[in-house]
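Here's a quick tour for someone who likes to know the cut-offs behind the numbers. Take a look at the model first.

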Amino acid sequence: MNDRGEKFSPVLPKAQEAHPTHPLERIRGHLRSSLGLFLKGSYDFVGVSRHAIPKLPFVRRRELYNVRDPEVIREILVKRYREFPKGEMMERMMRKLSGYSIFVSNGEAWERHRRIVDQAFDNAGVRNVFGLMRDAADASIARLSADAGTGREIAIDAEMTHFAGDVIFRTIFSEPMSSDDARRIFSAFDAFQAIAFAQGMIGLVGVPIHWLWSNRRARRMAREIRDVLNGPLQRRLKAVREGRPVPTNDILSVLMTAEDPVTRTKFEGEELLDQIAMLFLAGHETSAAGLAWALYCLAHRLDTQVEMRAEARAVLGDRQPEFSDMKRLEKTRDVFREVLRLYPPIAYLSRDTEKPERLGDQEVPCGSPVVVPIWLMHRHTGYWQDANDFQPDRFTRPETREAQRCAYMPFSMGARVCVGAAFAMQEATLVLAEILRRFEIRPVAGHEPEPVSRLTVRSENGIRIFLDRPR
């Protein structure tokens, strides 16, 4: 434990040690090793590198291109984003759960999705939903208080999943998320993303996904999650049909009524549930992952906790937080920004080429997967000093401005930047301030989280902490 402000370098992914014997498992192992270059590759390379994808007999060999040149990244994500659509790999991973929704769609379909979803987030702006976020934070603090000072370990990744799920549940449906629903979704999504990641990787070598034995379980897990989300949706639709009063200022109300100004169409039927599923999962899973890693990092930096507690108490005193307080919690916000640098919830962005391209010094064939490894860019030694260290004051230093411009993209960039970025920063700032002004966070001796990248960067063995009352 580093509680005196000394250097602290959070954990990095471990090397794969498994030696599978089944052919498909060997391919999966090779792919995991290949994709390990997005988490464990060189932290100083600039450019575009080419990597052979393992292949089956009689299947055309393909190559994957890893882009670590800021100018080429900007070309792909900002300047020519229409020419680099979302990759097939991500669609294979998510289709069972979210259908062809905004996260995986491309072209005119994505533009229509984005125009309607933007209306929902404009309506549910960060000011408008602050009270709902505060209610979810209060509920989380109440749950944490039951274990604080008892000496019981807290599975903080599970609790942050409940909190973030509760925030987005209230924001979409104007209802709190029950503990039972939180457990169902956490358990189902944990299993689903492990399967979906494996299927996405195996699909890269040309194996048809419908051949895989894991399809049945993946569909079952997806159905479990969709059932939880479909309950409040059906209650709302029934209330509308019966003419009963319904909320008019949540995300669901806009998704049900907003019309695309170009096509004059709305989200209806399964498409409406698809968009809700994706917004819920994108809105809670990424925030939950970032918050769990934040509390792990803070457990090893008592000095930072003291500073954050002083800030929270100076800004908030003993009263409830207000929306206007958020911009004054500068230290808290910078801590979360540094955590998003070290543990970006999405480790890499996948795109495909639609025609032959020249990227950097590489000739890239049509249909090739192109990957932007956010994890490696966030730890790039050419841009970040002491890149693997947790330094919460990093974002206040002038010398990091170039790094932020070139090598910081936790919410992506360009036209497909995360629609909920401001939403996520607000909920994180709020709940971290509320936790730190009430509790002291301590690490569990001998427990070292094991980062893995599936759909999000989570810990293979969970993240556990102790909570005490401040000394």
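This is a predicted model: local features need pLDDT of at least 70, side-chain atom pairs count only at pLDDT 80 or more; totals for chains, interfaces and linings use all residues.

Residues are numbered from 1 along each chain as its sequence is written, and side-chain values use heavy atoms, with hydrogens and water left out.

Let's start with the core. A nonpolar core here is a set of buried Ala, Val, Leu, Ile, Met, Phe, Trp, Tyr and Cys residues joined through side-chain atoms within 4.5 Å; buried means under 20% relative accessible area, with a 1.4 Å probe and protein chains only. The largest one has 142 residues, and Met93, Leu229 and Ile435 have the most contacts inside it. Helix α11 (residues 269-299) supplies the largest share of this core, 18 residues. Helices are DSSP runs of H or I with at least four residues, strands are E runs of at least two, and both are numbered from the N terminus. Beyond its neighbours within four places in sequence, Ile435 is in contact (heavy atoms within 4.5 Å) with Ile141, Leu144, Met160, Leu295 and Ile441.

A cavity is a set of points, on a 1 Å grid over the protein atoms alone, where a 1.4 Å probe fits but cannot get out; lining residues have an atom within 4 Å of a point. Of its 41 lining residues, Phe103, Ala282, Thr286, Ile346 and Cys418 are the closest to the centre. α11 gives the most to this lining, with eight residues.

| Class in the lining of the largest cavity | Count |
|---|---|
| Nonpolar (Ala, Val, Leu, Ile, Met, Phe, Trp, Tyr, Cys, Pro) | 28 residues |
| Polar (the others, Gly among them) | seven residues |

Is arginine 236 buried or exposed? Arginine 236 is buried, at a relative accessible area of 6%. This residue sits in helix α9 (residues 215-241) and touches, among others, Phe173, Asp250 and Met256.

Finally, an open three-stranded sheet runs β3-β11-β8 with antiparallel pairing, where pairing takes at least two DSSP bridges between strands. Isoleucine 154 stands opposite isoleucine 465 in β11.

Methods:
Buried means under 20% relative accessible area, exposed over 50%, partly exposed in between (1.4 Å probe, protein chains only). On a 1 Å grid over the protein atoms alone, a cavity is a set of points where a 1.4 Å probe fits but cannot get out, and a pocket is an open set with protein on both sides within 12 Å along at least five of seven lines; lining residues have an atom within 4 Å of a point.
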